[in-house]
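This briefing is meant to be read alongside the sequence and the three-dimensional coordinates. Please keep both in view while going through the points.

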Amino acid sequence: DSPALAVIDGTLCQLTREGARAAGYAPLASAVAEFRHAPLRCYVREHPYGLLPGLPNLYCLDGDFRLQWMAEWPDPTDPCAAIIGEEDETLVARSTRGTIVRLDAHTGRLVGIDPPLAAAG
């Protein structure tokens with residue numbers, strides 16, 4: 001069974017069957033904005049505000065909420081805006097400018113980027 005997870009007051013929380021907090025993970029800087037649960041891990045996106053310059057706002061926790069890796073993010077001025085999902089051991093995310101970023105799901109290392117599509121006009 002996968003645990004029930006929720007973001008409560010900016011903190012990632014594991015919930016009991018009754019909905020009470022069983023465990024929690026305080027964000028690195030500001031607040032957890034989004035998470036994606038995967039087998040044996042959880043990807044977390046924080047609001048980028050409050051993080052030290054150069055630190056990515058996307059990282060991975062294990063099942064006990066221990067930090068496994070921080071993303072090798074290609075552009076610190078264009079932080080992660082959304083976690084799209086996993087494809088064949090690759091985590092896919094989107095930056096605030098629309099760049100698709102592909103990371104190794106086990107290490108967080110950069111696998112590739114797809115620039116945003118130019119607007120037709």
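The model is a predicted one, and the secondary structure of its protein chain comes to zero helices and eleven strands. With a radius of gyration of 15 Å, close to the 14 Å that the globule rule gives for 121 residues, the chain is as compact as a globular protein of that length.

**Overall form**

- Read from the N terminus on, the elements of the protein chain run β-β-β-β-β-β-β-β-β-β-β.
- Taken along the principal axes, the box filled by the C-alpha atoms comes to roughly 50 × 30 × 30 Å.
- Of the 121 residues in the protein chain, 39% are buried.
- Among the contacts in the protein chain with a separation of 6 or more, 27% are accounted for by residues 24 or more positions apart.

**An open sheet of three strands**

- Strands in the order β1-β2-β3 make up an open sheet of three strands, and their pairing is antiparallel.
- The edges of this sheet are β1 (4–8) and β3 (21–25), each of which pairs on one side only.
- When direction is ignored, neighbouring strands of this sheet are turned by 30° against each other on average.
- Strand β2 (residues 11–15) runs antiparallel to β3 and is joined to it by four bridges, and in this part of the sheet leucine 15 stands opposite arginine 21 in β3.

**Nonpolar cores**

- The largest nonpolar core has 14 residues, and those touching the most other members are Tyr43, Leu58, Trp69, Ala71, Trp73, Leu91 and Leu103.
- Strands β6 (58–62), β8, β9 and β10 each supply at least two residues of this core.
- Apart from this core lies another one, of nine residues, with Leu12, Cys42, Val44 and Tyr59 among them.
- Leucine 91, one of the residues that touch the most other members of the largest core, has contacts that include Tyr43, Leu58, Trp69 and Leu103, and also Ile83, Gly85, Glu86, Val101, Arg102 and Ala105, when residues up to four places away in sequence are not counted.
- In soluble globular proteins, nonpolar side chains tend to be buried together.

**Salt bridges**

- A search of the whole structure finds eight salt bridges, including the ones described in the next points.
- Glutamate 86 forms a salt bridge with arginine 41, and the closest N and O atoms of the pair are 3.5 Å apart. Because glutamate 86 lies in strand β8 (residues 80–87) and arginine 41 in strand β5 (residues 41–46), the pair ties together parts that are 45 residues apart in sequence.
- Within this pair, glutamate 86 counts as partly exposed at 34% relative accessibility, whereas arginine 41 is buried, its relative accessible area being 13%.
- Glutamate 72 forms a salt bridge with arginine 109, with the closest N and O atoms 3.7 Å apart. Since glutamate 72 lies in the loop between β7 (67–70) and β8, and arginine 109 in the loop between β10 (100–104) and β11 (110–114), this pair ties together parts that are 37 residues apart in sequence.
- Glutamate 72 is partly exposed, with a relative accessible area of 34%, while arginine 109 is exposed, with a relative accessible area of 52%.
- Aspartate 64, which counts as exposed at 57% relative accessibility, forms a salt bridge with arginine 66, the closest N and O atoms lying 3.5 Å apart; a network of salt bridges links Asp62, Asp64 and Arg66.

**Two individual residues**

- Threonine 99 lies in the loop between β9 (90–95) and β10, where this threonine is buried, with a relative accessible area of 14%.
- Leaving aside residues up to four places away in sequence, threonine 99 touches Asp78, Ala93, Arg94, Ile113, Asp114, Pro115 and Pro116.
- Leucine 117 is found in the segment after β11 and is exposed, with a relative accessible area of 84%.
- Computed from C-alpha to C-alpha in the predicted coordinates aside, leucine 117 and cysteine 42 are 29 Å apart in space and 75 residues apart in sequence.

Note on methods
Residues are numbered from 1 along each chain as its sequence is written. This is a predicted model: local features need pLDDT of at least 70, side-chain atom pairs count only at pLDDT 80 or more; totals for chains, interfaces and linings use all residues. Side-chain values use heavy atoms; hydrogens and water are left out. A salt bridge is a side-chain nitrogen of Lys or Arg within 4 Å of a carboxyl oxygen of Asp or Glu. Buried means under 20% relative accessible area, exposed over 50%, partly exposed in between (1.4 Å probe, protein chains only). Two strands pair if DSSP finds at least two bridges between them. Axes are lines fitted to C-alpha atoms, for helices over the stretch in contact, and angles run from 0 to 180 degrees between N-to-C directions. Contact means heavy atoms within 4.5 Å. A nonpolar core is a set of buried Ala, Val, Leu, Ile, Met, Phe, Trp, Tyr and Cys residues joined through side-chain atoms within 4.5 Å. The radius of gyration is taken over C-alpha atoms; the globule rule is 2.2 Å times the number of residues to the power 0.38.
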